[in-house]
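We'll go from the whole chain down to single residues, one stop at a time.

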Amino acid sequence: MNKKVGRKDRRALVIGGSISGLFAARVLSDFYDEVIIVERDSLTPENSHRRGVPQSRHAHGLLAGGSNLLEDMFPGIKVELLEAGAVPADVANDGRWFFEGACLKRSPSSTIGVLLSRPLLESIVRGRVRNIDNVTFRENRSVRHLFSSGGQVRAVRIDDETITADLVVDASGRGSRRLKWLESLRFPVPREERVEIEISYTTRIFSRRDSDLNGDLFGVIPATAESANSGVILAQENGRWVVTLIGRFGVQAPEDIEGFLAFAKNLKAPFIYEAIRNAEPVGDAMTMKFPASVRQRYEKLSRVPKGFLVFGDAICSFNPVYGQGMSVAAMQAEALYKELSKGDEDLTRRFYKVASKVIDTPWQLAAGSDLKIPETKGKRTLAGKFMSWYVGRLHRLAHSNSQAAVAFLRVAQLLDEPSVLL
């Protein structure tokens with residue numbers, strides 16, 4: 001993504017300055033003379049948590065698939081992240097994946113992920129976008145309304161100002177007002193798919209010692225049909241651990257340190273508890289609730305407004321346990337680049353079609369894992385049940401077979417399609 005193909009005297013506007021909005025703006029900057037990002041939060045100070053991103057205080061990592069695309073969009077950014085303290089990790093060799101009663105067998109691989117806090121990643125990506133000549137930010141501003149004529153969105157109302165645009169991209173996340181806007185413009189709203197998960201996050205930061213986890217950089221204990229409680233521990237910048245403990249359906253890990261440790265001790269594997277039981281806590285606990293994964297099927301609409309694209313979490317909001325959101329946004333940005341390269345004709349419909357294919361694999365992976373838990377509400381299909389059974393068998397094989405472990409992790413890291421597992 002480094003070839004400028006600009007469309008002169010044309011303006012694109014991005015609603016939302018979070019990660020997905022930044023990715024969208026980076027792509028649009030190659031095709032439009034001017035790109036405006038409208039963000040309701042203040043974006044200063046840099047490297048700080050923002051009100052509009054409550055999940056930023058919890059465990060974050062960039063999957064290997066997303067990490068590769070990030071480098072494509074912003075050449076050299078991996079080095080910049082590492083210099084700022086981000087921790088590189090071989091996802092098949094540098095940590096612990098606990099599935100089906102044991103950890104997957106380790107094996108050195110080329111599958112490298114990046115472990116870091118959300119504010120660090122967002123501030124560095126935002127810095128790169130700020131340095132693009134034709135991109136500007138409008139902070140502390142909110143989009144109130146869209147204006148259309150002839151079936152095309154042509155302007156947005158921002159507080160007391162109206163801005164015309166040839167393309168509007170809604171990357172404002174789960175809180176987007178997109179459905180109200182579509183109804184006000186007399187367009188149909190998309191069919192929605194939901195997986196009711198009712199998860200509760202409790203997160204604490206701890207000081208990290210080189211000896212913790214025998215030098216491993218992460219550990220993951222997922223929920224199972226027998227135990228809906230789960231946890232993740234990830235190395236982060238500044239010599240710290242971020243530990244997120246997850247309960248479901250009314251269960252939440254306590255915020256006090258004694259209760260937090262007791263919850264970790266009762267998980268299906270002991271290694272998170274062992275890493276933090278004598279570690280120094282940093283700051284207070286943080287909590288968040290997430291009721292459901294939601295996917296909206298824009299690709300199936302009979303009519304869509306031209307010049308308006310829904311993007312990132314606004315089109316599909318994943319269970320954050322699986323860390324897919326940012327990487328899927330990067331994959332959507334890649335798809336948007338390819339479609340813009342083909343011209344304007346029927347851009348909206350073309351984008352939704354390819355975005356749906358981008359979303360399919362991570363949605364199937366996340367929904368399949370969540371639907372193993374009996375209390376989860378969602379559509380269970382025969383194909384989904386088979387895949388869940390098959391992956392369970394694969395996990396058991398991967399306890400002793402590194403090839404099986406790497407194959408599964410490459411799919412989970414959004415590098416390969418699930419078909420390779422068969």
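Predicted model: local features only at pLDDT ≥ 70, side-chain atom pairs only at ≥ 80, totals over all residues.

Residues are numbered from 1 along each chain as its sequence is written, and side-chain values use heavy atoms, with hydrogens and water left out.

**The whole chain**

Now go to cartoon view. You'll find 11 helices and 19 strands; these are DSSP runs, numbered from the N terminus, with helices (H or I) of at least four residues and strands (E) of at least two. Along its principal axes, the C-alpha trace spans about 60 × 45 × 40 Å.

How does the radius of gyration of the chain compare with that of a compact globule? With 422 residues, such a globule would have a radius near 22 Å, and the chain has 21 Å, which agrees. The radius is taken over C-alpha atoms, and the globule rule is 2.2 Å times the number of residues to the power 0.38.

Buried residues make up 55% of the 422. Buried means under 20% relative accessible area, exposed means over 50%, and partly exposed is in between (1.4 Å probe, protein chains only).

Colour by charge next. The mean positions of the 59 positive and 50 negative charges are 5 Å apart. Lys and Arg count as positive and Asp and Glu as negative, while His and the chain ends are not counted. Each charge is placed at NZ of Lys, CZ of Arg, CG of Asp or CD of Glu.

**Into the cores**

Select Leu-13, Phe-23, Leu-28, Leu-70, Val-125 and Val-129: these have the most contacts inside the largest nonpolar core, which has 90 residues. A nonpolar core is a set of buried Ala, Val, Leu, Ile, Met, Phe, Trp, Tyr and Cys residues joined through side-chain atoms within 4.5 Å. Helix H8 (residues 325–341) gives the most to this core, with 10 residues. Apart from it lies another core of 49 residues, including Val-232, Leu-267, Met-286 and Leu-394.

Zoom in on Leu-70. Not counting residues up to four places away in sequence, Leu-70 touches Phe-23, Leu-62, Ile-77, Leu-81, Leu-121 and Val-125. Contact here means heavy atoms within 4.5 Å. Across the chain, among contacts between residues at least 6 apart in sequence, 73% join residues at least 24 apart.

Then click Glu-71, in helix H2 (residues 64–73). Glu-71 is partly exposed, with a relative accessible area of 24%. Leaving out residues up to four places away, Glu-71 touches Gly-76, Ile-77 and Lys-78.

**Two buried loop residues**

Is Thr-111 buried or exposed? At 3% relative accessibility, Thr-111 counts as buried, and you'll find Thr-111 in the loop between strand E6 (102–103) and strand E7 (112–115). Beyond neighbours within four places in sequence, Thr-111 is in contact with Ala-64, Ala-89, Asp-90, Val-91, Arg-410, Gln-413 and Leu-415. Try the distance tool too: Thr-111 and Ala-92 are 19 residues apart in sequence and 7.0 Å apart in space, C-alpha to C-alpha.

Hop over to Leu-301, in the loop between strand E17 (281–296) and strand E18 (308–310). Leu-301 is buried, at 9% relative accessibility. With neighbours within four places left aside, Leu-301 is in contact with Pro-188, Val-189, Pro-190 and Arg-349.

**Two positive phi angles**

Most residues other than glycine have a negative phi. Select Arg-186: this residue is not a glycine, yet has a positive phi of about 65°. Arg-186 sits in the loop between helix H5 (178–184) and strand E13 (192–207), and counts as exposed with a relative accessible area of 73%.

Asp-346 also has a positive phi, near 55°. Look for Asp-346 in the loop between H8 and helix H9 (347–370), partly exposed at 43% relative accessibility.

**Last stop**

Finish at Phe-386, in helix H10 (residues 382–398). Phe-386 counts as partly exposed, at 43% relative accessibility. Draw one more distance: Phe-386 and Glu-258 are 128 residues apart in sequence and 41 Å apart in space, C-alpha to C-alpha.
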